[in-house]
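Here are a few friendly notes to read alongside the model. They take up the pockets and then the helix packing.

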Amino acid sequence: MTTTTETTLRTAAGPADQATISALAHRIWPEHYGPIIGMAQVDYMLAQSYTTAALAAAEAAGTTFYLAEQAGHEVGYAALAPGDEADTRLLDKLYLAAETRGQGLGRQLLEHLVTAARTSGARRLALRVNRHNAASIAFYQRMGFHIVDAHALDIGGGYVMDDYRMTMALSGRHSGHSQS
């Protein structure tokens with residue numbers, strides 16, 4: 001567990017935390033993704049990926065979830081999942097409530113995930129980010145991620161995830177500092 005300036009990051013597990021993550025997603029996604037992908041796709045993706053059953057299945061498949069709390073309230077969540085390659089971890093989720101953005105919490109969460117990925121033996125951290133999510137892309141680039149390619153993924157229901165794949169080398173990187 002990591003604590004700084006009234007923010008606590010903790011590993012999340014089990015039904016109560018899965019319900020909390022689901023509730024946070026249902027609060028954060030409409031505000032953040034509605035303008036980017038539209039509410040119909042937001043609703044579809046929440047129904048597919050953020051039920052407690054879907055979160056439990058992800059946890060059973062090796063995803064580790066983290067919750068961020070301020071003043072006793074959950075304000076964000078993140079997840080690390082196994083990557084496509086043995087030396088890679090996937091930054092599967094990193095979401096914060098709107099009122100907490102700009103306070104350094106995203107950086108703190110990402111630094112926590114980098115440490116966890118390194119501890120697990122990973123040499124690379126990968127993620128997918130919507131190509132039209134300019135603020136998140138800029139954040140990840142400041143943190144040392146690089147765009148590898150663009151990738152569209154049919155997720156069913158007539159929807160496509162139109163993403164960039166980004167990676168960050170973990171070997172020789174010091175948390176919190178961008179690579180040049």
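Predicted model: local features only at pLDDT ≥ 70, side-chain atom pairs only at ≥ 80, totals over all residues.

1. Two or more lining residues come from each of β5, β6, β7 (146-156) and β8. Of these, β6 supplies the largest share, 4 residues.

2. Now for the largest pocket, with a volume of about 980 Å³. Its lining has 40 residues, and those nearest the centre are Tyr 33, Leu 94, Tyr 95, Arg 128 and Tyr 140. The elements giving two or more residues to this lining are α1 (14-37), α2 (39-49), β5 (88-96), α4 (105-119), β6 (124-130), α5 (134-142) and β8 (159-169).

3. Which element gives the most to the lining of the largest pocket? That is β5, with 7 residues. By class, the lining of the largest pocket holds 21 nonpolar, 12 polar and 7 charged residues.

4. On to helix packing, starting with α1 and α2. Their axes come within 8 Å and cross at roughly 140 degrees, and the crossing is right-handed. On the α1 side the contact is made by Ala 25, His 26, Trp 29, Pro 30, Tyr 33, Gly 34 and Ile 37, and on the α2 side by Met 39, Gln 41, Val 42, Met 45 and Leu 46. These contact residues comprise 9 nonpolar, 3 polar and no charged. Tyr 33 is worth a look in your viewer: this α1 residue takes part in the contact with α2 and is also among those nearest the centre of the largest pocket.

5. Helix α1 also packs against α3 (residues 52-60), where the axes come within 9 Å and cross at roughly 120 degrees. Angles of 65 to 115 degrees count as roughly perpendicular and those over 145 as roughly antiparallel, so α1 is oblique to α3. Here α1 passes α3 in a right-handed crossing. The contact joins Gly 14, Gln 18, Ala 19, Ile 21 and Ser 22 of α1 to Thr 52, Leu 55, Ala 56 and Glu 59 of α3. By class, the contact of α1 with α3 has 4 nonpolar, 4 polar and 1 charged residues.

How values were computed
Residues numbered from 1 in each chain as written. Heavy atoms only, no water. 1 Å grid on protein atoms, 1.4 Å probe; cavity = no way out; pocket = protein on both sides within 12 Å on 5 of 7 lines; lining within 4 Å. Points joined across faces, edges and corners; volume = space filled by probe spheres on them. Nonpolar A, V, L, I, M, F, W, Y, C, P; charged D, E, K, R; others polar. Axes fitted to C-alpha atoms, helices over the stretch in contact; angles between N-to-C directions. Parallel < 35°, antiparallel > 145°, perpendicular 65-115°, else oblique. Left-handed = near helix turned anticlockwise from the far one by under 90°. Contact = heavy atoms within 4.5 Å.
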